[in-house]
Amino acid sequence: MNIYIKDDEIATENIVPGKRVYGEQLFEKDNLEYRFWNPTRSKLAAAYLNGLENLNIDEQSEILYLGASTGTTVSHISDIAKDGFIYALEFSPVSMRKLVRLCEKRPNIAPILGDATKPKKYLNLVSKVDLVYCDVAQPNQTDAFIDNMNLFLKKDGFGIIMIKSRSIDVNQKPQKIFKQEEKKLKEKGFKIVEKVKLEPYEKDHICFLVKNIFRFYYFLKLFNILFIKSIILIKYYLLYF
């Protein structure tokens, strides 16, 4: 990946040399220009600095980004997947205006004004993707994440969700919320590949990297049902014949 990490600093190779997105510093290394990636303004940068290991975004990756806002994190993913494509979904028209200006300078990003909880409304705009990224701070964020993965994720793709516990329930302890959302993902046939807390950069946040094991999960469930039914039939046969 086009990422530079050293100690507590992270940066991406700038695909638009000389241009900043949110006032970040630029520097050169080995004749390449990099943009510092601020972990207090990007949860993905915080996750990488806190040890996220299994998310490998390659240069050709296609990504659906839910909750793109003004494009801070999107711009860094744009650097990494420089020959790929990012569908950047945002609900707020105010944020969308800034996002559109970003996309004018970065042709590998397409802005979409839409609601992540209603993915069928942009079904004709988004193709199958390698990664679904979700940073939508609302109570039903995990449900929206699952719906989008079921519609748009490739068979061997990954999903990553940034969960803010206080957006789900301010009265519950964060750890309880994290376990609740993890259980919800598992019950829908997703495997938790990695989980990373985002402190000290973001309070009461956790990052879940997941993989779709839908087919195996339901095959196993079907096998168990058939197995139980066969045992019942055998017992019935032995009892009455």
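This is a predicted model: local features need pLDDT of at least 70, side-chain atom pairs count only at pLDDT 80 or more; totals for chains, interfaces and linings use all residues.

Let me begin with isoleucine 86, whose bridge partner in E7 is isoleucine 109. That pair belongs to a set of five bridges that join strand E6, residues 85-90, to strand E7, residues 109-113, and the two strands run parallel.

Now let me step back to the whole chain. The protein has seven helices and 11 strands, and 46% of its 241 residues count as buried. Taken along the principal axes, the C-alpha atoms fill a box of roughly 85 × 40 × 35 Å. If we look at contacts with a separation of 6 or more, residues 24 or more positions apart account for 59% of them.

The next region is an open sheet of four strands, where the pairing is antiparallel and the order is E1-E2-E4-E3. Its edge strands are E1, residues 3-6, and E3, residues 26-29, each of which pairs on one side only. On average, and ignoring direction, neighbouring strands of this sheet are turned by 35° against each other. For E3 the neighbour is strand E4, residues 32-36, to which it is joined by four bridges in an antiparallel arrangement; within that pairing, glutamate 28 has glutamate 33 of E4 as its bridge partner.

Turning to the helices, H2, residues 72-80, is mostly covered, with nine of its nine residues buried. Those buried residues include Thr72, His76, Asp79 and Ile80.

Is alanine 144 buried or exposed? This residue lies in helix H4, residues 141-152, and it counts as buried because its relative accessibility is 2%, where the cut-off for buried is under 20%. Setting aside neighbours within four places in sequence, alanine 144 is in contact with Ala116 and Thr117. Alanine 144 and leucine 66, which are 78 residues apart in sequence, have C-alpha atoms 9.1 Å apart in space.

I will finish with helix H6, residues 174-187, where we can check the geometry: at 1.5 Å a residue its 14 residues should span 20 Å, and the end C-alpha atoms are 20 Å apart, so the two values agree. Which residues of H6 are buried? They are Ile177, Phe178, Glu181, Glu182 and Leu185, and because they cover an arc of only 130° around the axis, they sit on the same side of H6. As for what covers the buried residues of H6, the list includes H4, strand E9 (153-164), helix H5 (165-168), strand E10 (190-197) and strand E11 (205-212). Just after H6, glycine 189 takes a positive phi of about 90°.

That is the tour, and I am happy to take questions.

Terms used. Residues are numbered from 1 along each chain as its sequence is written. Side-chain values use heavy atoms; hydrogens and water are left out. Two strands pair if DSSP finds at least two bridges between them. Buried means under 20% relative accessible area, exposed over 50%, partly exposed in between (1.4 Å probe, protein chains only). Contact means heavy atoms within 4.5 Å. Axes are lines fitted to C-alpha atoms, for helices over the stretch in contact, and angles run from 0 to 180 degrees between N-to-C directions. The expected span of a helix is 1.5 Å times one less than its number of residues. The arc is that of the directions from the helix axis to the C-beta atoms.
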